[in-house]
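Please consult the sequence and the structure below alongside the text.

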Amino acid sequence: MAELTAAGGRTRPAGKLELYAWLFMRVSGVVLLFLALGHLAIMHLLEGVDKINFAFVAGRWSNPLWRFYDWFLLALALVHGFNGVRVMVDDYVRRPGLRVFSLVMLWVLTLVFLVAGTLVIVLFQVPVGG
Amino acid sequence: MYRGGPGQWAWLLHRWSGVAVLLFLLIHILDTGLVLFGPQVYDKVVGLYTHPVFRVGEVGLVAAVLYHALNGIRITLIDFYPELTERQRPLFYAVVSVFVLLFLPTAYLMLETLLW
């Protein structure tokens, strides 16, 4: 838990890394506000899950801009979520060994999913003829 | 800590809505990855999401993202304008109000086809 000032506000995080992590959460949070809510509005409200199939994805990803949108959303959300869980490990996992293990697992999982998600978006080929 | 009260609820909800969204994101990366295996595989698996149980889960996902986004604005405002710390409580009520205003019509529109 971050230390609080007399008025109850947050103190400046100790150390450069924690300061950057804090700043990243705010900046990525604001960007995700648009990317994630935009994604939900398009896919779940305007389109709806019953319209989403292979042909829909192929149509959407024939435009590189949508691939970039999806990749940017994926990467920002994943790293934002990773850092959130990292803070939770700091809060809850006290045993030193388990703590290191949790952090290593978290790093590995995040990297694996980031690489896998990136590969899917990059490697997908729109079938000839749509 | 907050010693109970709305601030603590705001924090607890923020934390666990974040975890819920992250878990879905991991599943979503896997299901989208199936596009690489062609239309038969992808359509079969993603078709599961049209099941009523998943439709309700989908509304839960939207609720989690929406709350996390709105309370994230509250946290960011308080961090950059520390004088707002004393107003964290009314700001939380604002978050809840905007959440209800946006969530109810959204949930209705998403479940409309399921109802009739």
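In chain B of this predicted model, 66% of the contacts between residues at least 6 apart in sequence join residues at least 24 apart.

**Chain B: elements and burial**
- Chain B comprises 4 helices and 0 strands.
- Read from the N terminus, the order of elements in chain B is α-α-α-α.
- Of the 116 residues in chain B, 42% are buried, that is, they have under 20% relative accessible area.

**Chain B: dimensions**
- The radius of gyration of chain B is 18 Å, whereas a compact globule of 116 residues would have a value near 13 Å.
- The C-alpha trace of chain B extends over about 55 × 35 × 20 Å along its principal axes.

**Chain A: packing of helices α1 and α3**
- Two packed helices are described by the distance between their axes and by the angle between those axes.
- Helix α1 (residues 16-47) and helix α3 (residues 64-92), both of chain A, have axes that come within 9 Å and cross at roughly 135°.
- The handedness of the crossing between α1(A) and α3(A) is left-handed.
- The contact of α1(A) with α3(A) involves 16 nonpolar, 7 polar and 3 charged residues.

Key
Residues are numbered from 1 along each chain as its sequence is written. Chains are lettered from A and ligands numbered from 1 in the order in which they are written. This is a predicted model: local features need pLDDT of at least 70, side-chain atom pairs count only at pLDDT 80 or more; totals for chains, interfaces and linings use all residues. Side-chain values use heavy atoms; hydrogens and water are left out. Axes are lines fitted to C-alpha atoms, for helices over the stretch in contact, and angles run from 0 to 180 degrees between N-to-C directions. Helices (H or I, at least four residues) and strands (E, at least two) are DSSP runs, numbered from the N terminus. A crossing is left-handed if the near helix is turned anticlockwise from the far one by less than a right angle, and right-handed if clockwise. Ala, Val, Leu, Ile, Met, Phe, Trp, Tyr, Cys and Pro count as nonpolar, Asp, Glu, Lys and Arg as charged, and the others, Gly among them, as polar. The radius of gyration is taken over C-alpha atoms; the globule rule is 2.2 Å times the number of residues to the power 0.38. Buried means under 20% relative accessible area, exposed over 50%, partly exposed in between (1.4 Å probe, protein chains only). Contact means heavy atoms within 4.5 Å.
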